[in-house]
Structure formats: structure tokens, C-alpha cells
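User: Hi! Could you walk me through this structure with me?
Analyst: Happy to, let me put it up.

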Amino acid sequence: MAWTKYQLFLAGLMLVTGSINTLSAKWADNFMAEGCGGSKEHSFQHPFLQAVGMFLGEFSCLAAFYLLRCQASRLGDSSDNPPQTFNPLLFLPPALCDMTGTSIMYVALNMTSASSFQMLRGAVIIFTGLLSVAFLGRRLALSQWLGILATIAGLVVVGLADLLSKHDDQHKLSEVITGDLLIIMAQVIVAIQMVLEEKFVYRHNVHPLQAVGTEGLFGFVILSLLLVPMYYIPAGSFSGNPRGALEDALDAFCQVGQQPLIALALLGNISSIAFFNFAGISVTKELSATTRMVLDSLRTVVIWALSLVLGWEVFHPLQILGFLILLTGTALYNGLHRPLLDLLSRSRDPAAEGEQERLLGGTRAPINSIS
């Protein structure tokens with residue numbers, strides 16, 4: 001079935017904003033500027049402040065939700081405005097997981113490349129699958145177990161590519177290894193977040209934009225308050241600011257004043273996460289969760305290609321192999337292989353294809369969930 005212009009726009013918006021989200025965060029990390037009090041020029045390493053910006057972007061999804069609800073009310077359409085009675089504190093545990101996982105990943109992004117960062121995030125499949133078996137009582141299909149095994153193999157190959165790649169003064173081998181391990185560790189927390197959302201939140205028929213926005217509100221408020229004690233906590237080698245604190249928000253603002261392009265990178269990160277969430281939810285609703293997963297995989301290719309073009313990293317052929325294995329694991333786990341198998345079976349039996357087309361005729365029910 002041919003896509004409409006609106007569907008093509010949504011797919012393009014998701015691909016572009018999703019790529020901008022990672023690239024803008026890495027762009028900010030690459031800037032060098034003086035800090036407060038005339039401190040010497042140093043790199044912009046403020047992962048927790050960047051995480052606050054990301055939650056601000058998620059929080060803005062609440063505005064989109066209420067705009068859509070007002071529009072539905074004016075048009076007299078109650079289908080997009082179901083009664084929602086739930087305790088907002090249900091979003092607090094997943095928001096805390098999101099806050100922790102995102103902060104760790106922004107710390108890791110300072111240590112490794114943008115493409116490895118994006119590829120290694122595929123590890124979430126492993127932990128989500130295992131936790132869903134342990135806590136949601138699910139039984140995984142054979143293809144899902146094969147997907148988990150393929151994902152593990154892909155992670156090993158990507159990690160090996162990072163070990164064998166040439167490293168500059170900005171990304172030493174020890175930092176790259178630490179960053180890769182932190183990304184994988186963060187996926188455990190992200191998987192816990194997904195399980196909590198499925199078990200406690202989405203059974204209440206909460207609109208996805210409202211869910212994202214409410215979690216963003218909790219994350220923004222809590223992490224903003226935590227910036228105060230972080231200013232006084234020593235972090236040693238993990239700190240990228242002259243004071244050696246866990247996070248120095250004042251130093252970040254001074255660097256932004258010295259180098260305004262950092263503000264542009266941060267603004268790109270904040271706005272892109274808002275549009276990416278909206279586009280992803282809309283793609284799932286208008287097309288399918290499978291389409292969303294394919295576009296998310298294409299996002300990794302775009303980030304990788306642009307990072308190479310911009311000279312942010314050096315090409316290593318093992319990354320291609322690692323990405324293909326990770327893509328295979330994602331496809332198997334999410335059932336993307338089934339349409340291909342159906343297509344092959346229909347091509348062998350044209351009569352069965354005609355019969356199936358008659359049986360499946362009619363409109364396709366949209367899926368409205370976060371994949």
C-alpha cells in the first residue's frame with residue numbers, strides 16, 4: 001500500500017530528528033571553550049545538564065498532548081480523548097530509570113563515538129527480553145531468543161571494532177572501553193523502565209504523548225534539583241570541568257557565553273527529542289510499530305555516515321559487520337522476518353496469495369503504542 005504525503009512526512013521527521021538528537025549531543029561535546037573565572041579552554045563535558053535539556057524536550061510533549069486534546073474537543077471527536085483516571089506518581093519509577101539511564105549514556109557519549117553509542121543501545125533488546133520473562137511472565141518465541149543471541153554477537157563485534165580502531169587524544173582506548181560498558185549498563189536501566197511502563201503505566205490507557213511528557217516533567221524537575229549537590233560532589237577523572245565536580249552547571253553556562261554555537265547544539269538536542277517522540281508515536285499509529293523499528297535502524301546508518309563525513313571518527317570495516325548482526329538481531333526479536341517469510345511463501349504459491357489477499361482485505365487497525 002502506497003504511503004500518503006503525511007505518512008512520508010512523519011517517517012522523514014522521525015528519521016531526521018532522531019539523527020539530530022544524537023549528533024547534536026555529540027556536536028556539543030566536541031566544542032572547546034573557556035569556563036567561569038577565566039579558566040583555561042576545555043571541552044564541553046556536561047552530561048547531566050544535557051540530560052536536563054533532554055527531559056525538557058520530553059516535557060514539551062505534554063503541550064502537544066493538550067493541543068491535540070483541545071483540537072479533538074473542538075471537532076467533537078472523543079476517540080482521541082478517552083477518560084484517563086490514573087495516579088501521576090505511577091510515572092515516577094520509570095522517570096527515575098529514564099533519568100539514571102539517560103545521564104549514564106550522556107557520560108558515555110563523551111568517551112566514545114556517536115555511531116558506537118547508537119549501535120550499542122541495541123543491547124536493550126537483551127535485557128528487555130530477559131526481564132519480560134522474569135517479571136511479566138512472558139514466553140519468548142524461538143526467533144526472539146535467536147534475536148537476543150544475534151544482538152550479543154553484534155555487540156561483541158562492535159566492541160571489537162572500537163578496540164581495533166585508531167584513537168585520538170580526545171578518545172583514548174581506556175575511555176572508549178569505559179564508555180561502551182557504560183552504554184550497555186545503561187540499557188539494563190532502560191529495560192527496567194520499559195518493563196515498569198508496561199506493567200504499571202500503559203494498562204491505564206494513557207496517551208503515549210502524555211506518558212512521555214509526564215516522565216519528562218518528573219525527570220526535568222528532579223535532575224534540575226540534583227544539579228545543586230552535584231556542583232559540590234568531587235568526581236575525579238570522570239569530571240570534565242576545571243573544578244573536578246560531578247557537574248558544574250555554572251561552568252556550562254559560561255562556556256555557552258564564550259561559544260554560542262554550544263547553545264545551538266543544546267537547542268537542537270532539546271527540540272529534536274520532542275519532535276522525535278511525536279513523530280515516533282505518530283508513525284506507530286499511522287503505519288506500524290515495524291515501520292518505526294526500521295526507521296530507527298536507518299537512524300543508526302545516518303548517524304554513522306555523518307560522523308564519518310564530519311571526521312568525528314575513523315571508518316573500521318568491522319562496524320559494518322557489527323551493525324548488520326545487530327540489525328538481524330533487532331529484526332528477529334521484533335518479528336520483522338515474518339513479512340519476508342510470508343512474501344516468499346506467497347511467491348512460491350500464487351494461488352495461496354490470492355486467497356490470503358481476499359481473507360485480509362479491508363482496513364488495517366493502527367497500533368498506538370510506544371515500541
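**Salt bridges, a patch and a pocket**

Analyst: There are two salt bridges in the structure (a side-chain nitrogen of Lys or Arg within 4 Å of a carboxyl oxygen of Asp or Glu). Keep in mind that this is a predicted model, where local features need pLDDT of at least 70, side-chain atom pairs count only at pLDDT 80 or more, and totals for chains, interfaces and linings use all residues. Residues are numbered from 1 along each chain as its sequence is written, and side-chain values use heavy atoms, with hydrogens and water left out.

User: OK, which residue does Asp296 form a salt bridge with?
Analyst: Its partner is Arg299, with the closest N and O atoms 2.8 Å apart.

User: Is Arg299 buried or exposed?
Analyst: Arg299 counts as buried because its relative accessibility is 4%, while Asp296 is partly exposed at 24%. The cut-offs are under 20% relative accessible area for buried, over 50% for exposed and partly exposed in between (1.4 Å probe, protein chains only).

User: And what does Arg243 meet in a salt bridge?
Analyst: That one is Asp248, at 3.7 Å from N to O. Arg243 is partly exposed at 43%, whereas Asp248 is buried at 4%.

User: Switching topic: which residues make the nonpolar surface patch?
Analyst: Leu160, Leu163, Leu164, Leu173, Ile177 and Leu181 make a patch of about 520 Å². Patch residues have over 30% relative accessible area and no salt bridge, and nonpolar side chains (Val, Leu, Ile, Met, Phe, Trp, Tyr) are joined within 5 Å. Helix H7 (142-164) and H8 each supply at least two of the residues.

User: How about Leu181, buried or exposed?
Analyst: Leu181 lies in helix H8 and counts as exposed, because its relative accessibility is 55%.

User: Last one: what volume does the second largest pocket have?
Analyst: About 750 Å³. Of its 36 lining residues, Gln45, Asn110, Met111, Ser237 and Phe238 are closest to the centre. A pocket is an open set of points on a 1 Å grid where a 1.4 Å probe fits, with protein on both sides within 12 Å along at least five of seven lines, and lining residues have an atom within 4 Å of a point.

User: Which helix gives the largest share of that lining?
Analyst: H4, with six residues.

Definitions and conventions:
Grid points are joined across faces, edges and corners, and a volume is the space filled by probe spheres set on the points. Helices (H or I, at least four residues) and strands (E, at least two) are DSSP runs, numbered from the N terminus. Patches are made of residues with over 30% relative accessible area and no salt bridge: like charges are joined within 9 Å, nonpolar side chains (Val, Leu, Ile, Met, Phe, Trp, Tyr) within 5 Å. Accessible areas come from the Shrake-Rupley method with a 1.4 Å probe; for residues, only the protein chains shown count as cover.
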